[in-house]
Amino acid sequence: MERTLSAKLGRLIHAEPGEVKAVLWSFAYFFFLLSSYYILRPLRDETGVAGGVDKLPWLFSGTFVAMLLAVPAFSAVAARMPRHRFIPIAYRFFIANILLFWALFSFAPPGSRVAVARAFFIWTSVYNLFVVSVFWSFMADLFRHEQGLRLFGFIAAGGSLGALAGPLLTTFLVKPLGTANLLLVSALLLEMSVQCVRALNRWSQKTPRPQAQQPLGGDFLSGIRLVFRSRFLLGICLYVVLLTATATILYLEQARIVAHASGDPRERTALFARIDLVVNLLTLVVQAFVTGRLVKRAGVRFGIGLLPVLSVLGFVALGISPTLFVLMAVQAVRRAAHYGIERPSREILFTDVNREERYKSKSFIDTVVYRASDAGTAWMSSGLQALGLGAVTLAGTAVALSLLWLWNSLSLARKDEALEAK
């Protein structure tokens with residue numbers, strides 16, 4: 001009976017019988033991880049707007065500096081500990097951070113609230129990239145390239161379901177629990193993801209891959225050096241820079257439009273949560289029913305090339321009509337394609353690199369490179385606005401970046417196909 005159920009479920013999610021248990025644990029892992037983060041996200045976005053949209057470039061710069069400090073520390077731990085130990089330790093370190101912010105928001109003197117809010121914005125911006133980067137590194141370690149084509153879409157749907165659950169929990173619990181106590185709910189959900197990691201490690205030990213249980217070795221800078229020695233990883237760096245630059249332009253435009261739409265912090269928080277809700281619902285549908293089959297048939301080239309094309313169309317629409325309705329439509333389509341198709345496809349690229357590149361180099365790309373592009377784009381946007389150049393100029397810049405991004409995507413896809421052919 002159990003085998004029959006497993007076979008039916010496997011056909012539904014495009015998994016083979018021996019993969020079903022691992023896929024479901026991976027789905028649950030990403031669900032708990034993103035539901036935890038999406039409780040924090042509306043609080044982060046509101047603190048960013050409340051502190052002044054003009055201060056956002058400084059917050060992005062602070063985040064980049066924090067990344068420069070965090071990545072060597074993470075690499076040093078990963079070099080000395082096997083995977084089954086350092087992933088739970090990393091997540092529990094972030095749980096301790098969440099509990100610290102709960103104490104600060106609950107008991108800090110009123111005069112220090114602005115500083116705490118800004119620290120929370122920077123910390124959350126570091127936290128979300130690290131925990132998701134570690135998740136996808138783990139997935140690339142567990143599954144081969146061919147498995148990733150079939151399974152990563154469904155696994156990513158677990159994250160989208162969690163990203164849907166997070167705003168819903170925030171909406172229903174914020175009044176009875178209060179804003180600060182939502183952090184405790186987030187910490188509990190993150191601990192649930194640790195338990196999923198333990199279950200996946202037990203599953204992986206049944207498959208003889210002894211190197212997966214060994215420390216990565218090297219030193220705290222080895223992952224960074226590997227990036228600059230590999231044209232393939234440098235291509236991924238450029239891809240992430242262009243992805244992030246266009247996302248930051250859109251985020252800053254969102255902050256500006258929402259700030260003009262309402263002066264009430266509660267309304268702004270609710271609006272951010274509604275945007276997340278719409279995006280994540282659309283993403284979940286795409287991931288559950290489209291991604292696995294589509295990417296398997298169309299390949300990585302389509303998966304990583306779709307988002308630049310959609311970004312060109314979206315920024316053209318925003319340049320013509322920079323309104324809240326158009327913004328929400330562009331955000332919904334772009335982020336649904338990002339989480340539903342682009343991100344699972346991009347993570348397949350890391351199944352073709354070695355384990356040190358998969359954890360250390362990937363962490364550097366997903367965090368330091370990502371936030372460096374964030375900060376640089378934020379200051380570029382601030383400079384253009386200081387010159388009196390508004391939404392149309394920003395949209396035109398984003399279109400040019402998206403076209404360069406499309407060229408880079410096609411180049412990466414060719415290199416991935418060459419690596420797979422070896």
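What follows is a chat about the fold, the cores and the aromatic pairs of a predicted model.

Reader: What am I looking at, helices or strands?
Author: The model is predicted. The chain has 13 helices and zero strands.

Reader: What share of the residues count as buried?
Author: Of the 422 residues, 56% count as buried.

Reader: Among contacts between residues at least 6 apart in sequence, what percentage join residues at least 24 apart?
Author: That figure is 87% for this chain.

Reader: Moving inside. How many residues are in the largest nonpolar core?
Author: The largest nonpolar core has 80 residues. Those with the most contacts inside that core are Tyr29, Tyr91, Phe135, Met139, Phe143, Ile236 and Ile365.

Reader: Which helix gives the most to this core?
Author: Helix α5 does, with 15 residues.

Reader: Pick Phe143 from that list. What does it touch?
Author: Leaving out residues up to four places away in sequence, Phe143 touches Ala22, Val23, Ser26, Leu151, Phe152, Ile155 and Thr351.

Reader: What about a second core?
Author: There is a separate core of twelve residues, which includes Ile249, Phe315, Val326 and Val399.

Reader: Where does threonine 246 lie, and what does it touch?
Author: Threonine 246 is in helix α9, residues 231–261. Not counting residues up to four places away in sequence, threonine 246 touches Phe315, Arg334, Ala398, Leu401, Ser402 and Trp405.

Reader: Is threonine 246 buried or exposed?
Author: Threonine 246 has a relative accessible area of 0%, so it is buried.

Reader: How far is its C-alpha atom from that of serine 137?
Author: The two C-alpha atoms are separated by 9.1 Å, while lysine 360 and serine 137 are 223 residues apart along the chain.

Reader: New topic, rings. How many aromatic pairs are there?
Author: The structure holds 23 aromatic pairs. One of them joins Phe94 and Phe130, with 6.4 Å centre to centre and 40° between the planes, and that pair is tilted.

Reader: Which helices does that pair tie together?
Author: Phe94 lies in helix α4 (residues 83–107) and Phe130 in helix α5 (residues 113–142), so the pair ties together parts that are 36 residues apart in sequence. Both Phe94 and Phe130 are buried.

Reader: What about Phe135 and Trp136?
Author: Phe135 and Trp136 form an edge-to-face pair, at 5.0 Å centre to centre and 75° between the planes. Phe135 and Trp136 are both buried.

Reader: Which residues do ring pairs link into a cluster?
Author: The cluster consists of Tyr37, Tyr38, Phe93, Phe94, Phe101, Phe105, Phe120, Trp123, Tyr127 and Phe130.

Reader: Last one, helix α11. What span should it have, and what do its end C-alpha atoms give?
Author: Helix α11 has 25 residues, 324–348, so at 1.5 Å a residue it should span 36 Å. Its end C-alpha atoms are 34 Å apart, which agrees.

Reader: Where does α11 bend?
Author: The bend is at histidine 338, by about 40°.

Reader: Is α11 mostly covered or mostly open?
Author: Helix α11 is mostly covered, with 19 of its 25 residues buried.

Key. Residues are numbered from 1 along each chain as its sequence is written. This is a predicted model: local features need pLDDT of at least 70, side-chain atom pairs count only at pLDDT 80 or more; totals for chains, interfaces and linings use all residues. Side-chain values use heavy atoms; hydrogens and water are left out. Rings of Phe, Tyr and Trp (its six-membered ring) pair if their centres lie within 6.5 Å; planes under 30 degrees apart count as stacked, over 60 as edge-to-face and the rest as tilted. Helices (H or I, at least four residues) and strands (E, at least two) are DSSP runs, numbered from the N terminus. Buried means under 20% relative accessible area, exposed over 50%, partly exposed in between (1.4 Å probe, protein chains only). The expected span of a helix is 1.5 Å times one less than its number of residues. The bend at a residue is the angle between axes fitted to the seven residues ending there and the seven starting there. Contact means heavy atoms within 4.5 Å. A nonpolar core is a set of buried Ala, Val, Leu, Ile, Met, Phe, Trp, Tyr and Cys residues joined through side-chain atoms within 4.5 Å.
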